[in-house]
Amino acid sequence: MVIIKEVIMTKSRKWVLTRRFFLKSSVSLAAAPFLFAANAMMRAFKDENSLKKDLLRGTRTSSFSGVAPDANRKPAPGVRFGMLTDSHYADIDTRGTRYYRESISKMHECIELMNDKQVDFVIQLGDFKNGAPDNNMENLRRFEDVYAKFSGPRYHVLGNHDMDSISKPQFMSVIENTGIDKDASYYSFDHGNVRFIVLDANFREDGKPYDTGNFSWMDSNIPAVQREWLDNELRSTDRPVIIFIHQLLDNDEGNHYVRNASEIRRVLERHTLKLHDDEHCPKVLAVFQGHQHRGQYNLINNIHYYTLKAMVEGSGKENNSYAIVELFDDLSIEIKGYRKAVNHTLESIPAEVQG
Ligand SMILES: [Fe+2]
């Protein structure tokens, strides 16, 4: 049933038809058959919103469908978190546009705001540290101490620079992922009836993990064991899911992308939540990434891919970058960017009307 006459343009510059627009346009249709169809869609819309709100409250574990943000949407309890990436902290001189030392003061500002806003948790998306000629462990401890000033759970995603001068076990021995096994470089946790999955793409094509600079930063892969773990994590939950990863998954070619990105996207796209007999939406609402310092956004097969700008780029607090991500009970997501970070609304888009 296609009776939509207009489209809106998202910040991704992809043309997308929205259910909200459908509802707006449907009331002006005069033909009786169309009105009958529109009324049916209105009922379906109400049912979907009810299902989604129950889903995020944890009172329903069945299914939901995507629609544009509800005018009456409410914040979903327990799903508001702070996010930053590519701080590259080291006590070394500036190189190019990377002001390594300044990440200490930038992180202080970020954590102070996250405490003021009382977000549920904070997560950094990799390249927390940067290699230095000496004192690598001391630099890391100093920086983790600042991150630890957040008065709630904190999480790390591993980036290539985190293993450019020390080993993965050394890095893991200093940082804390609250409530997570100390040895787990990829893991999941649940907050507010949403499952959050952290991936580790720091593996060479031959399957060997990055370790103390034994890799090319362009050779990023997710091995089969982790891919199968991801598949199982998605299969085993009825909750909507958010993914965190350092290297990018929203393209197949280019130095910043995971080499087997298309294979991983197929896993993400395979898992859906069902509302009606013939209507499904992706279980994965969004993928949050770092690594490419300028940031970007893509929408691929109804899954949002948002890359946050790097904290290390540029001097002074005006060049800081971090964000608060909030989920709403209509399953839309608001990204509030601070300093250079970009605001974005990630609408929950029904599969049947995607442009
Ligand atoms: Fe980086």
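Student: How many bridges join β11 to β13, and which way do the two run?
Tutor: In this predicted model, β11 and β13 run parallel and are joined by four bridges. One of the pairs is A286 with its bridge partner H304 in β13.

Student: What about β8 and β11, parallel or antiparallel?
Tutor: Parallel, over four bridges; β8 covers residues 241-244. I242 has A286 as its bridge partner in β11.

Student: Is β11 buried or exposed?
Tutor: Buried. Strand β11 spans residues 284-289, and six of its six residues are buried, so the strand is largely enclosed by the rest of the structure.

Student: What is the strand order in that sheet?
Tutor: The order is β6-β7-β8-β11-β13-β12, an open sheet of six strands with mixed pairing.

Student: Which strands are at the edges?
Tutor: β6, residues 187-191, and β12, residues 296-300; each of them pairs on one side only. On average, neighbouring strands of the sheet are turned by 15° against each other, with direction ignored.

Student: How does β12 pair with β13?
Tutor: In the antiparallel sense, over five bridges, with β13 at residues 303-307. L299 stands opposite H304 in β13.

Student: What sits in the loop between β12 and β13?
Tutor: N302 is located there. Its phi is near 70°, which is a positive value in a residue other than glycine. N302 is partly exposed, with 19 other C-beta atoms within 10 Å. The cut-off for buried is 20 or more.

Student: Switching to helices. How many residues does α3 have, and how far does it reach?
Tutor: Helix α3 runs over residues 103-117, so it has 15 residues, and its first and last C-alpha atoms are 21 Å apart, close to the 21 Å expected at 1.5 Å a residue.

Student: Which residues of α3 are buried?
Tutor: S103, K106, M107, C110, I111 and M114. They lie on the same side of α3, because they cover an arc of only 125° around the axis.

Student: Why would residues a few places apart end up pointing the same way?
Tutor: An α-helix has 3.6 residues a turn, so residues three or four places apart point the same way.

Student: And what is exposed on the other side of α3?
Tutor: E112 and D116 are exposed there. The helix is followed by Q118, which has a positive phi near 50°.

Student: Go back to M114. What is it in contact with?
Tutor: Leaving aside neighbours within four places in sequence, M114 is in contact with G82, V119, V122 and F150. M114 and F150 are 36 residues apart in sequence, and their C-alpha atoms are 7.1 Å apart in space. M114 counts as buried, with 26 C-beta neighbours inside 10 Å.

Student: What about the loop between β3 and α3, where is D91?
Tutor: D91 lies in that loop. With 16 C-beta neighbours inside 10 Å, D91 counts as partly exposed. Its contacts, with neighbours within four places in sequence left aside, are R101, A132, N135 and N139. D91 and K129 are 38 residues apart in sequence, with a C-alpha to C-alpha distance of 9.9 Å.

Student: Where is H88, and is it buried or exposed?
Tutor: H88 is in the loop between β3 (75-84) and α3. H88 counts as buried, with 27 C-beta neighbours inside 10 Å. Its phi is positive, about 50°, although H88 is not a glycine.

Student: Now the core. Which residues touch the most other members?
Tutor: M83, L199, I243 and F244, out of the 75 residues in the largest nonpolar core.

Student: What is L199 in contact with?
Tutor: Y186, I222, Q226, L230, I243, F244 and I245, leaving aside neighbours within four places in sequence. Among these, I243 and F244 are also named with L199 as touching the most other core members.

Student: Zooming out, how many helices and strands are there?
Tutor: The protein has seven helices and 16 strands. Of its 355 residues, 44% count as buried.

Student: What share of the contacts is between residues 24 or more positions apart?
Tutor: 66% of the contacts with a separation of 6 or more.

Technical notes. Residues numbered from 1 in each chain as written. Predicted model: local features only at pLDDT ≥ 70, side-chain atom pairs only at ≥ 80, totals over all residues. Pairing = 2+ DSSP bridges. Axes fitted to C-alpha atoms, helices over the stretch in contact; angles between N-to-C directions. Buried ≥ 20, exposed ≤ 12 C-beta atoms within 10 Å, placed from the backbone. Arc of directions from axis to C-beta. Core = buried A, V, L, I, M, F, W, Y, C linked by C-beta atoms within 7 Å. Contact = placed C-beta atoms within 7 Å.
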